[in-house]
Amino acid sequence: MSFPEPLLRLIDQLRRLPGIGPKGAQRLAFHLLKTPREETDRLCEALRDVKDQVTYCSICGNTTDVDPCVFCSSPTRDQRIICVVEEPQNVTAVENTREFKGAYHILMGALSPLQGVGPDDLKIKELLARVRKGVDEVILATNPNVEGEATALYLARLLKPLGVKVTRIAMGVPVGSDLEYADEITLKKAMEGRREV
């Protein structure tokens with residue numbers, strides 16, 4: 001059976017979202033079709049509001065509805081310490097620790113030659129400009145995968161000649177897990193990042 005054209009267009013648009021395949025898009029489309037009009041109107045309004053009101057901070061690149069963002073404009077944040085992350089959603093993960101009181105810099109991705117992402121595709125020039133204005137430490141908090149490691153190494157090579165302290169977040173065995181389930185690379189990183197008790 002063929003679906004009506006508007007439903008097909010909706011399925012096609014939903015399928016373009018990350019993590020949504022053809023079957024997931026179809027399920028979402030039929031869910032929206034059954035949903036009361038008021039709820040779908042609220043969804044449409046929320047989508048429009050995000051596009052109209054949310055932007056990226058001109059300093060760090062984080063998502064914000066005010067520019068500069070709350071982290072860059074806060075007098076209580078230490079602007080001399082910058083935590084570098086790949087994506088805006090990574091800021092939330094760091095903030096949830098309630099430990100970091102510095103500033104952020106969002107790269108908008110990681111180096112990935114196979115995906116065609118090179119240094120010019122990331123916010124690296126902006127990071128270097130911020131560091132040259134007077135930063136004491138840069139914490140590299142890129143993801144613990146091949147692309148994140150390559151990005152961290154690349155940034156470290158660029159940053160160290162500028163006289164700034166460059167650190168990398170520790171990686172290894174997560175709290176609450178068993179060693180027998182950890183892979184070799186995770187255990188190697190845990191051994192390398194060990195500290196005195």
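## Helix H4 and Val70

Helices here are DSSP runs (H or I) of at least four residues, numbered from the N terminus. By that rule, Val70 belongs to helix H4, residues 70-73. The model is a predicted one.

Is Val70 buried or exposed? Exposed means over 50% relative accessible area. Val70 has a relative accessible area of 53%, so Val70 counts as exposed. Val70 and Lys125 lie 55 residues apart in sequence. In space, their C-alpha atoms are 22 Å apart.

## The sheet

Four strands make up an open sheet. Their order is E4-E3-E5-E6, and the pairing is parallel. Strand E4 (102-106) and strand E6 (165-168) are at the edges. Each has a single partner strand, so one side of each lacks a neighbour in the sheet. From one strand to the next, the twist averages 25°. In general, strands of a sheet pair through backbone hydrogen bonds.

The pairings can be taken in order across the sheet. E3 and E4 run parallel and are joined by five bridges. There, Cys83 stands opposite Tyr104 in E4. E4 is mostly covered, with five of its five residues buried. E3 also pairs with E5 in the parallel sense, over four bridges. Ile81 faces Glu137 of E5 across this pairing. Four bridges then link E5 to E6, again parallel. On that side, Glu137 stands opposite Lys165 in E6. Leu140 has Arg168 in E6 as its bridge partner.

## Strand E5 and its two faces

Which residues of E5 point which way? Glu137 and Ile139 point one way, and Val138 and Leu140 the other. All four are buried, Glu137 included.

Val138 has contacts from several parts of the chain.

The largest nonpolar core has 19 residues. The residues with the most contacts inside it are Val84, Val138, Leu140, Leu155 and Leu159. Strand E3 (78-85), helix H6 (124-132), strand E5 (137-140) and helix H7 (146-159) each give two or more residues to this core. A second, separate core has 14 residues. Among them are Cys60, Val94, Tyr104 and Ala141.

H7 has 14 residues. From first C-alpha to last, H7 reaches 20 Å, close to the 20 Å expected at 1.5 Å a residue. Where do the buried residues of H7 fall, seen down its axis? The buried set is Gly148, Thr151, Ala152, Leu155, Ala156 and Leu159. Seen down the helix axis, they fall within an arc of 135°, so they line one face of H7. An α-helix has 3.6 residues a turn, so residues three or four places apart point the same way.

The cover over the buried residues of H7 includes E3, H6, E5 and E6. The face turned away from the buried side carries Val146, Leu153 and Arg157, which are exposed.

Key
Residues are numbered from 1 along each chain as its sequence is written. This is a predicted model: local features need pLDDT of at least 70, side-chain atom pairs count only at pLDDT 80 or more; totals for chains, interfaces and linings use all residues. Side-chain values use heavy atoms; hydrogens and water are left out. A nonpolar core is a set of buried Ala, Val, Leu, Ile, Met, Phe, Trp, Tyr and Cys residues joined through side-chain atoms within 4.5 Å. Buried means under 20% relative accessible area, exposed over 50%, partly exposed in between (1.4 Å probe, protein chains only). Two strands pair if DSSP finds at least two bridges between them. Axes are lines fitted to C-alpha atoms, for helices over the stretch in contact, and angles run from 0 to 180 degrees between N-to-C directions. The expected span of a helix is 1.5 Å times one less than its number of residues. The arc is that of the directions from the helix axis to the C-beta atoms. Contact means heavy atoms within 4.5 Å.
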